[in-house]
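Dear colleague,

I am passing on a structure that you have not worked with before, and below it you will find notes on what turned up in it. Please read them with the model open beside you.

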Amino acid sequence: MSHQFPPAPIDAAALAAAKAPFGHSRMLPAEAYLSNDVLDWERQHFFDGSWVCAGRLDDVAEPKSQKAIKVGHTAVLLSRDADGELRAFANICRHRGHELLPCGASAVRGVIQCPYHAWTYELSGDLRLAPHFGDVPNFDQPNLGLVTINHAEWNGWVFVNVSGDAPPFLSHVDALDRIFANYELGRLRPAVTHEYVLEANWKLAIENYQECYHCPLIHPELCRVSEHSSGDNYTDESGMWVGGTMDLESFAATMSIDGASGGEVIPGLNEQQRRQVDYIGVFPNLLVSLHPDYVMTHRLEPLTPTTTHVECQWLFAPESFERPGFDPSYASDFWHLTNGQDWAAVESVQRGMRSPKYVPGLLASNEDAVYQWVSLIASGYAGESMARGSTIVRA
């Protein structure tokens, strides 16, 4: 099953150029990165209408914990009841629409209470108390519970579908179940979280992530531990994602400044997985980097057409936390440096797109994963099926 949405407010001819066969295609037009109308459409369809990563289950691990997350046009309230069941609701009081929690805020309490007029809900979403409504004739308390949101728990993450009409979640990730299996992602725990506000469109960060053509010029530290042209991109795989691999240099145990690891290899990895890094972009907002000893993620939220909030986390196996003197900074410091190099590059691209002289560019032979991502987005904009599938092989 595939995603298919109404056409976006964007030039059809420019989309045709982005969907042309690899080697003949161009990037998306500037309006895809600059237009408020396009971002409104993306929020309604790519975010509210799809399966979006809302964070790690660790964010609401404790019974009675709650957290509010912005997704598209809608804020979602995650709540774990006293029995440990996770639920997702629209973060909207049924009285007059006040947010139940500010976006990004967390709480641990036995009820969900609106801070405006004290309407109070059970952790199941049922309305418990509505002050001064006892004598209101059309007050129908059983039907005034919180509005539920479809959600799925997968590999330690929670995904939500606000519209309720996306294809089944497992068809969204599909082959990633097999690719991720040995990493046992559900048992990994976050050790470090960084937050960034990127002065660029959300899609630019993902496009940058799908190629290392730029690495020799702006990532000298990365190129010391991994040959920029190594590895292969995933082809002929199903699901709403794109990605590929890079190989570690012979002396390097992982991605760090000196190639040394300060953690433990994730149990269950095969020999090939111990010598490579996987880079996966899960549509629309999750980037996952699988290393032998840690997993790095980026979760993106578009703020405006030209700004993006990025939450970056480093996850480690429990065995690493048990290691005497464990310090995750060997991984987080390396990628904080690398992220900064990437952010400077994509922010420069964003500034360039503001020029009336900007023309969507061509793609090099080693930018095939960028092509897969761009053609996926262009198909969605055009109102066509977003089913993924390509026979492209890295040149």
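At 4% relative accessibility, Cys 93 counts as buried, where buried means under 20% relative accessible area, exposed means over 50%, and partly exposed lies in between, with a 1.4 Å probe and protein chains only. Cys 93 takes part in no disulfide, and the nearest cysteine sulfur, which belongs to Cys 114, is 3.9 Å away; a disulfide is here a pair of cysteine sulfur atoms within 2.5 Å.

Before going further, please keep in mind that this is a predicted model, in which local features need pLDDT of at least 70 and side-chain atom pairs count only at pLDDT 80 or more, while totals for chains, interfaces and linings use all residues. Residues are numbered from 1 along each chain as its sequence is written, and side-chain values use heavy atoms, with hydrogens and water left out.

To stay with the cysteines, the structure holds one disulfide, formed by Cys 212 and Cys 215, whose sulfur atoms are 1.8 Å apart. The torsion about its S-S bond is about -105 degrees, so the disulfide is left-handed. Both Cys 212 and Cys 215 are buried. Cys 223, by contrast, is in no disulfide, the nearest cysteine sulfur being that of Cys 215, 5.2 Å away, and at 21% relative accessibility Cys 223 counts as partly exposed.

As for the chain as a whole, it contains eleven helices and 16 strands, which are DSSP runs numbered from the N terminus (H or I of at least four residues for helices, E of at least two for strands). Of its 395 residues, 55% count as buried. The C-alpha atoms fill a box of roughly 70 × 60 × 35 Å, taken along the principal axes. Among contacts with a separation of 6 or more, residues 24 or more positions apart account for 69%, contact meaning heavy atoms within 4.5 Å.
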